[in-house]
Amino acid sequence: MRRSHRFRQVINYVNLSTPLGLLIARIGGARTRRGQRGLVYAHGYRIPFPVAGAFTVGNVVLTKHGEGYLTGCLLDHESRHATQYAFCVGLPMLVLYVLASAVSYAVCGHPASWNLFERMAGLDDGGYPRVRPWWTRRRRSRSS
């Protein structure tokens, strides 16, 4: 494991975001296992919230999908979220993320397209659309 991944792993454990992620995985009935980059994969998450293919809390990446889903660009995206937890000192990231989702929704009607955290993690890697702000969209003519 790279030194930066180990450092992130320790920081996210100390700031309590990874223990919270493990608790959420347990409550959600997910099976956990060690993954790449110091992450913990939690497959088979059964709670229907949040509505996403995968989401990260600390160093725990949760998904309703089975083994093999967390690969490639999606894993890159979720790994960046784990780093964001370390930079945001853990649990404050949850509040900041909700605020960023609200701003994004106000800007374009989608909770991820203008969410600072999703943009920094890579919208395309996370499978999110690039929705333009509402004020840049053309109005449809009422005469048509």
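Predicted model: local features only at pLDDT ≥ 70, side-chain atom pairs only at ≥ 80, totals over all residues.
**Stop 1: the whole chain.** Show everything as a cartoon. The protein has six helices and four strands, and from the N terminus on they run α-α-β-β-β-β-α-α-α-α. Along the principal axes, the C-alpha atoms fill a box of roughly 60 × 30 × 25 Å. Of the 144 residues, 39% count as buried.

**Stop 2: R8.** Move to helix α1 (residues 3–14), where you will find R8. Does R8 have a salt bridge, or none? None: R8 is buried, and the nearest side chain of opposite charge, D76, is 9.4 Å away. Setting aside residues up to four places away in sequence, R8 touches R37, L39, N59, S79, A82, T83 and A86.

**Stop 3: the salt bridges.** Side chains of opposite charge can pair when their charged atoms come close. The structure holds four salt bridges; here are some to pick out.

- Select E67 and R33. Their closest N and O atoms are 2.6 Å apart. This pair links distant parts of the chain, 34 residues apart: E67 sits in the loop between β4 (60–63) and α3 (72–87), and R33 in strand β1 (residues 31–34). R33 is partly exposed, with a relative accessible area of 36%.
- Select D125 and R80, whose side chains meet at 2.9 Å, N to O. D125 lies in helix α6 (residues 123–126) and R80 in helix α3, so the pair ties together parts that are 45 residues apart in sequence. D125 is partly exposed at 22% relative accessible area, and R80 is partly exposed at 32%.
- Select R130 and D124, with closest N and O atoms 3.5 Å apart. Both R130 and D124 are exposed.

**Stop 4: a nonpolar patch.** Which residues make the nonpolar patch of about 430 Å²? Select L23, I27, I47 and F49 to see them. Among them, I27 is found in helix α2 (residues 17–27). I27 counts as exposed because its relative accessibility is 61%, and the cut-off for exposed is over 50%.

Definitions and conventions:
Residues numbered from 1 in each chain as written. Heavy atoms only, no water. Patch = residues over 30% accessible without salt bridge, like charges linked within 9 Å, V, L, I, M, F, W, Y side chains within 5 Å. Areas by Shrake-Rupley, 256 points an atom, 1.4 Å probe, with all protein chains shown as cover. Helix = DSSP H or I, 4+ residues; strand = E, 2+ residues; numbered from the N terminus. Buried < 20%, exposed > 50% of the residue type's maximum accessible area, 1.4 Å probe, protein only. Lys, Arg positive; Asp, Glu negative; His and termini not counted. Contact = heavy atoms within 4.5 Å.
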